[in-house]
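Please read it with the model open.

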Amino acid sequence: MRIAIIGGSGIYEPGILSQVREERVVTPYGIAVLKVGTYQGEEIGFMPRHGEQHTLPPHRVNYQANIWALKTLKVERVIATGAVGALNPRFEPGHLVIVDDFLDFTKRRTYTFFEGGETGVVHTDFSIPYCPELRRLLLEAARELGMVAHDGGVYACTEGPRFETPAEIRMIRQLGGDLVGMTNVPEVVLARELGLCYSLVAMVTNMAAGIAKHTLSHEEVLQVMAANREKLRRLIMHTLPRIPKKRDCPCSHTPARVEVRPRWEGERQP
Ligand code: HPA
């Protein structure tokens, strides 16, 4: 399986896939569950980041297990979706942004597979944080569909689960943030550490705190996601068949010096 989708808030089902089965992958970090189905003759994985019933808040998502599981299944390309608030006035609720950089304001997550010892000390290059090839394919697909998708935006990841204060949003804006969300770090980091191509399609669900004319709520995020889900689905459907077999990007050149192999439930974890 070459390609997987990680669905964020409001995207819990692999709607576009047929012959769907569930896979439980045992990793050194816990069990990751995903759906595997077929789209246009190719197997595609679908992982709902927050669980199918949205039971996992952003700081409790097992990012390590999720990414390790995808690598175990031989996935090379990941298209992730995420709900975001907008700081940049060019972005409005309902807009899609093909993110090209990030700022990290999270506080208590596990950010690496490389902990020294056997796994070594690894400093991964993040000069090009998101896969440039997947970004290009997503933007081309959006253009063909006549859909507005912004080319680039800086995603600021906050710890959550609370929304930000107006002062935090002013600070993030001054530091160059365009969008704010709670899940992209460490997901994007771990994916690169294992040499996966990773792209993020951000759906703006609200203007950020202090910019919005009203207070924020998770219900509003889910409502706007639901209203625009079809757009995201169409974009991903149109992009998947365009993804070439051979990768032509720097993402796989990272030194993944960890051994990633299938494990089984009950096996003693290192
Ligand atoms: N802040 C953080 N995460 C979010 C927001 C927000 O305003 N909207 C959707 N996810």
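Is Arg135 buried or exposed? Point 2 gives the answer, after a word on the model.

1. **Ground rules.** This is a predicted model, in which local features need pLDDT of at least 70, side-chain atom pairs count only at pLDDT 80 or more, and totals for chains, interfaces and linings use all residues. Residues are numbered from 1 along each chain as its sequence is written, and side-chain values use heavy atoms, with hydrogens and water left out.

2. **Arg135.** Arg135 is buried, with a relative accessible area of 13%. Buried means under 20% relative accessible area, exposed over 50%, and partly exposed in between (1.4 Å probe, protein chains only). Arg135 belongs to helix H2, residues 132–145. Its side chain makes a polar contact with the side chain of Asp151, at 2.8 Å. A polar contact is a pair of N or O atoms within 3.5 Å; within protein, one must be able to donate a hydrogen and the other to accept it, and residues adjacent in sequence count only if both atoms are side-chain atoms.

3. **His150.** His150 sits in strand E8, residues 149–151. His150 also counts as buried, at 11% relative accessibility. The side chains of His150 and His95 make a polar contact of 2.9 Å.

4. **Overall build.** The chain holds five helices and 11 strands. Helices (H or I, at least four residues) and strands (E, at least two) are DSSP runs, numbered from the N terminus. The radius of gyration is 18 Å, close to the 18 Å that the globule rule gives for 270 residues, so the chain is as compact as a globular protein of that length. That radius is taken over C-alpha atoms, and the rule is 2.2 Å times the number of residues to the power 0.38. The C-alpha atoms fill a box of roughly 50 × 40 × 35 Å along the principal axes. Of the 270 residues, 56% are buried.

5. **The ligand shell.** Which residues surround the ligand? They are Ala83, Val84, Gly85, Phe163, Glu164, Val180, Gly181, Met182, Thr205, Asn206, Leu216 and Val221. A residue counts as near if one of its heavy atoms lies within 4 Å of the molecule. By type, the shell has seven nonpolar residues, four polar and one charged. Here Ala, Val, Leu, Ile, Met, Phe, Trp, Tyr, Cys and Pro count as nonpolar, Asp, Glu, Lys and Arg as charged, and the others, Gly among them, as polar. Strand E5 gives the most to the shell, with three residues.

6. **Polar atoms at the ligand.** A polar side-chain atom of Asn206 lies 2.7 Å from a ligand nitrogen atom. A polar backbone atom of Gly85 is 3.2 Å from a nitrogen atom of the ligand. For a backbone N or O atom of Ala83, the distance to a ligand nitrogen atom is 3.3 Å. Taken alone, the ligand exposes 260 Å², and the protein buries 95% of that. Areas come from the Shrake-Rupley method with a 1.4 Å probe; for residues, only the protein chains shown count as cover.

7. **Cysteines.** How many disulfides does a search of the whole structure find? It finds zero. A disulfide is a pair of cysteine sulfur atoms within 2.5 Å. The sulfur of Cys251 is 3.7 Å from the closest cysteine sulfur, in Cys131, which is too far for a bond. Cys131 is buried, at 0% relative accessible area. Cys251 is buried, also at 0%.

8. **An exposed loop residue.** Thr55 lies in the loop between strand E4 (42–48) and helix H1 (63–72). Thr55 is exposed, with a relative accessible area of 59%.
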